[in-house]
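Student: I am new to this structure and would like to go through it step by step. Could we begin with a side chain and work outwards?

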Amino acid sequence: MAEALVHKLGLLIVAGKVKPGKVLGDESVLLKRYGVSRSVLRDAFKILAGKGMVATRRGIGTQVRPSIDWMMLDRDVLAWHQSAGGEDAYLLQLLAVREALEPLAARLAAEGTMASRSQVMTAYRIM
């Protein structure tokens, strides 16, 4: 249930329905609106905080952080940007970065020694 709530709240944040610096809402209102338990809501907040999207402060509530703090390469954040629309500039910039870096990374990997390739494969398996 927390994952479903994370998706709903993440999409609201990325779509700009809750601006940076603003509180996501009163906890009791959110509990009723989404029909979840307090522990589910708090788990969702923890997940969003891990993505850099929110910060919870005692006496203030859970506030949306500026997008500069978000983990923009996180799978969910990327998907929310795509779903929210209106972020074509961001996605085009991301594509440009990938087009610049990936060929170089592939070339360096292909030119590596057998030992360095083995290290890359070990790191890949760990990830």
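Student: Is R98 buried or partly exposed?
Tutor: This is a predicted model. In it, R98 is partly exposed, because its relative accessible area is 45%, between the cut-offs of 20% and 50%.

Student: Which residue does R98 meet in a salt bridge?
Tutor: The side chain of R98 meets that of E102, at 2.6 Å from N to O. E102 is partly exposed as well, at 41% relative accessibility.

Student: Where do R98 and E102 lie along the helix?
Tutor: They are four residues apart in helix α5 (residues 88-111), so about one helical turn separates them. An α-helix has 3.6 residues a turn, so residues three or four places apart point the same way.

Student: Turning to K51, is it buried or exposed?
Tutor: K51 is buried, with a relative accessible area of 9%. K51 forms a salt bridge with D76, and the closest N and O atoms are 2.9 Å apart. That pair links distant parts of the chain, 25 residues apart: K51 is in the loop between α3 and β1, whereas D76 is in helix α4.

Student: How many salt bridges are there?
Tutor: The count comes to seven.

Student: Now for α6: how many of its 13 residues are buried?
Tutor: The count is zero, and α6 is hardly covered. Y124 has its place in this helix, residues 114-126, and counts as exposed because its relative accessibility is 55%.

Student: What does Y124 make with M121 and M127?
Tutor: Together they make a nonpolar surface patch of about 410 Å².

Note on methods
Residues are numbered from 1 along each chain as its sequence is written. This is a predicted model: local features need pLDDT of at least 70, side-chain atom pairs count only at pLDDT 80 or more; totals for chains, interfaces and linings use all residues. Side-chain values use heavy atoms; hydrogens and water are left out. Patches are made of residues with over 30% relative accessible area and no salt bridge: like charges are joined within 9 Å, nonpolar side chains (Val, Leu, Ile, Met, Phe, Trp, Tyr) within 5 Å. Accessible areas come from the Shrake-Rupley method with a 1.4 Å probe; for residues, only the protein chains shown count as cover. A salt bridge is a side-chain nitrogen of Lys or Arg within 4 Å of a carboxyl oxygen of Asp or Glu. Helices (H or I, at least four residues) and strands (E, at least two) are DSSP runs, numbered from the N terminus. Buried means under 20% relative accessible area, exposed over 50%, partly exposed in between (1.4 Å probe, protein chains only).
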